[in-house]
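Dear colleague,

I am passing on the structure we spoke about, together with some notes on what turned up in it. Please have the sequence and the coordinates open beside this message as you read.

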Amino acid sequence: MLFAAFLVVTLSGCKSDSNSVELVESEVESQVENEIQNEFKDPADTRFRKGSFSSYDPETLEFIGGFIPEATSFMFCGEVNGKNRYGSFSGFKKFAALYSPPLDADSEPDIDVTYEGNHQFKSISKDCP
C-alpha cells in the first residue's frame, strides 16, 4: 500500500528528480514481472529479456517510447521463458503488459498481460517500443 501512495505522488509531481522516475520505472517493471511469474509452474525459474517501456502520453493520446512522469498508464514489453509441467524451459515467448497505476492508496495497480499467439497480442503489442 505504501508503494501505491508513493507511485501516485511520484507520477503527479516529481518531474525534476530523475532518481524518483527511475524508482517508479523499476517498481512498475518489478510488479509486471511478478504478475507474469505467478502464471508459471515455477515462478522462481522464470527468465526475462529485452524488456522495454512505452508510456501513454495524455497530450498526444498515444503511447511513446520510454518513461514519462505524466503517463496515465504504461506498456511493458519483452520476452519471458518459464518451465513447463515437465520441468524444462519452454522457450522465450513475447509478451505485452498494460500497467495502470492504482487510483488511490487503497487500491492495487491493474496489470493486463497478453502473450504472442493470443488473439489480443497483435493489437496490444503495436504500442511496444
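To begin with a pair of side chains: are Phe-53 and Phe-76 buried or exposed? Phe-53 is buried, and Phe-76 is buried as well. Please keep in mind throughout that this is a predicted model.

Five strands make up an open sheet in the order S2-S1-S3-S4-S5, with antiparallel pairing. Strand S2 (62–65) and strand S5 (110–115) stand at the edges with a single partner strand each, so one side of each has no neighbour in the sheet. On average, and ignoring direction, neighbouring strands of this sheet are turned by 30° against each other. Within the sheet, strand S1 (residues 47–57) pairs with strand S3 (residues 74–81) in the antiparallel sense over 7 bridges, and Phe-53 stands opposite Phe-76 in S3.

Turning to the aromatic rings, the structure holds 8 aromatic pairs. Phe-53 and Phe-76 form one that is tilted, at 5.0 Å centre to centre and with 55° between the planes; this pair links distant parts of the chain, since Phe-53 lies in strand S1 and Phe-76 in strand S3, 23 residues apart. By contrast, the pair of Tyr-56 and Phe-63 is edge-to-face, because the ring centres are 5.3 Å apart and the planes stand at 65°, where an angle over 60 degrees is needed for that label. Phe-63 counts as buried because its relative accessible area is 18%, under the limit of 20%, whereas Tyr-56, at 23% relative accessibility, counts as partly exposed. Ring pairs also join Phe-48, Phe-53, Phe-67, Phe-74, Phe-76, Phe-95 and Tyr-99 into a cluster. A charged group meets a ring too: the charged end of Arg-49 sits over the ring of Phe-92, 3.8 Å from its centre.

One further residue deserves a look, namely Ser-73, which is found in the loop between S2 and S3. With a relative accessibility of 10%, Ser-73 counts as buried. Which residues does Ser-73 touch, if those up to four places away in sequence are not counted? The contacts of Ser-73 are Ser-54, Ser-55, Tyr-56, Phe-63, Leu-98, Tyr-99, Ser-100 and Pro-101, a list that includes both members of the edge-to-face pair, Tyr-56 and Phe-63. Although Ser-73 and Tyr-56 are 17 residues apart along the chain, their C-alpha atoms are separated by 5.4 Å.

Note on methods: Residues are numbered from 1 along each chain as its sequence is written. This is a predicted model: local features need pLDDT of at least 70, side-chain atom pairs count only at pLDDT 80 or more; totals for chains, interfaces and linings use all residues. Side-chain values use heavy atoms; hydrogens and water are left out. Two strands pair if DSSP finds at least two bridges between them. Helices (H or I, at least four residues) and strands (E, at least two) are DSSP runs, numbered from the N terminus. Axes are lines fitted to C-alpha atoms, for helices over the stretch in contact, and angles run from 0 to 180 degrees between N-to-C directions. Buried means under 20% relative accessible area, exposed over 50%, partly exposed in between (1.4 Å probe, protein chains only). Contact means heavy atoms within 4.5 Å. Rings of Phe, Tyr and Trp (its six-membered ring) pair if their centres lie within 6.5 Å; planes under 30 degrees apart count as stacked, over 60 as edge-to-face and the rest as tilted. A charge sits over a ring if NZ of Lys or CZ of Arg is within 6 Å of the ring centre and within 35 degrees of the ring normal.
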